[in-house]
Amino acid sequence: MTVFTLSPEVAKAKAAGQPIVALESTIITHGMPWPDNLDMARQVEQDVRDYGATPATIAVLDGALCIGLTDAQLKDLAQYPDASKLSRADLAVCMSQGKTGATTVAATMIAAALADIDVFATGGIGGVHRGADQTFDISADLSELAQTSVTVVCAGAKAILDLQKTLEVLETQGVPVIAYGQDDLPAFWSRDSGLVAPLRLDSAKSVARAHHMRRTLRLPGGQLVANPIPVDFEIPRETMDPVIEQANADATAANIKGKAVTPFLLGRIFELTEGRSLIANIALVRNNAQLAAQIAYELGKFGKETPPL
Ligand code: PSU
Ligand code: MN
């Protein structure tokens, strides 16, 4: 009896030593509206398979920490009323109470590490919110990256965050922020943020090599790979900036606090762009899943053993 439950597909991949990619579930329950959320979740899982790895969508269902969901479980979760949003702080309480919740980047990393899954794909990570000097709103995703050894592939961070401060916190925490295939840090809907990323790598193989070197050095903590959105789906910053300003202003006016902030902003931006943000969001998550599968495949070549010192 282990603390987590593997889906049949993930159990089979594990037994065969095949590459696995973890996927989060808060993006399904709190990041996108039904039914696009289910279509996205299925599509992203298929992308991972098409690129030679096995998808493991992670969530807590009736208290069970599930590593990999069946299609029926995925469908239930996508329309579950009031699923909790689980970060590091919430995971154990949800499980101990037998409840259902979706995992954020932080909680998905914890679960992936428990199940010995090294690579994880998502859309955007949480970070330092604008106005954090007043609100102290800094996502637990950042400190998770500092302590849990999983490579996380994202499309950068949304401009709902203060990207400069987010980079500073990640630097302080010793998290490698690696732009993929370009110098600039990607900014989710836009390929460029106007900020140069601290690090750059140009192939899945080199990301895998860096992950393996951290393991060799016994360095705890993850790597953050920031993969730019495909060109055809990019939304220019000039288009998004006023929308983000408006969404942030609305959040302040409505006195939204704590873990409700990010879902509120995502929902407002969806409304304000009349769904355009969602099309871009789906394209970039798929792109990240495809890269993550390639990284997992390359990492698999190193084997599971920690190299001797
Ligand atoms: N950013 C996005 N889409 C998302 C999230 C963040 O662009 O779906 C979700 C992720 O699950 C992330 C979480 O881990 O929000 C961060 O929430 P908070 O800011 O409350 O830590
Ligand atoms: Mn927060």
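**Helix α8 and the overall fold of the predicted model**

S139 caps the N-terminal end of helix α8, with one of its side-chain oxygens placed 3.0 Å from the backbone nitrogen of D141. The structure described here is a predicted model. Helix α8 spans residues 140-147, and its buried residues are D141, L142, E144, L145 and A146.

At the level of the whole protein, 13 helices and 11 strands are present. The radius of gyration is 18 Å, close to the 19 Å that the globule rule gives for 309 residues, so the protein is as compact as a globular protein of that length. Along the principal axes, the C-alpha atoms fill a box of roughly 50 × 40 × 35 Å. Of the 309 residues, 55% count as buried. Among contacts between residues at least 6 apart in sequence, 75% join residues that are at least 24 apart.

The accessible surface of the protein amounts to about 13,500 Å², and carbon and sulfur atoms account for 54% of this area. Charged side chains comprise 26 positive and 35 negative ones, and the centres of these two sets lie 5 Å apart.

Two loop residues were examined individually. S190 is located in the loop that runs between strands β9 (177-180) and β10 (199-201). With a relative accessible area of 4%, which is under the 20% limit for burial, S190 is buried. When neighbours within four places in sequence are left aside, the residues in contact with S190 are I229, E234, I235, P236 and R237.

T70 occupies the loop between strand β4 (64-67) and helix α4 (71-78). Its relative accessibility is 32%, and T70 therefore counts as partly exposed, a class that lies between the buried limit of 20% and the exposed limit of 50%. The C-alpha atoms of T70 and V10 are 10.0 Å apart in space, while the two residues are 60 residues apart in sequence.

Note on methods: Residues are numbered from 1 along each chain as its sequence is written. Chains are lettered from A and ligands numbered from 1 in the order in which they are written. This is a predicted model: local features need pLDDT of at least 70, side-chain atom pairs count only at pLDDT 80 or more; totals for chains, interfaces and linings use all residues. Side-chain values use heavy atoms; hydrogens and water are left out. Helices (H or I, at least four residues) and strands (E, at least two) are DSSP runs, numbered from the N terminus. Buried means under 20% relative accessible area, exposed over 50%, partly exposed in between (1.4 Å probe, protein chains only). The radius of gyration is taken over C-alpha atoms; the globule rule is 2.2 Å times the number of residues to the power 0.38. Contact means heavy atoms within 4.5 Å. Accessible areas come from the Shrake-Rupley method with a 1.4 Å probe; for residues, only the protein chains shown count as cover. Lys and Arg count as positive and Asp and Glu as negative; His and the chain ends are not counted. The place of a charge is taken as NZ of Lys, CZ of Arg, CG of Asp or CD of Glu. A polar contact is a pair of N or O atoms within 3.5 Å; within protein, one must be able to donate a hydrogen and the other to accept it, and residues adjacent in sequence count only if both atoms are side-chain atoms.
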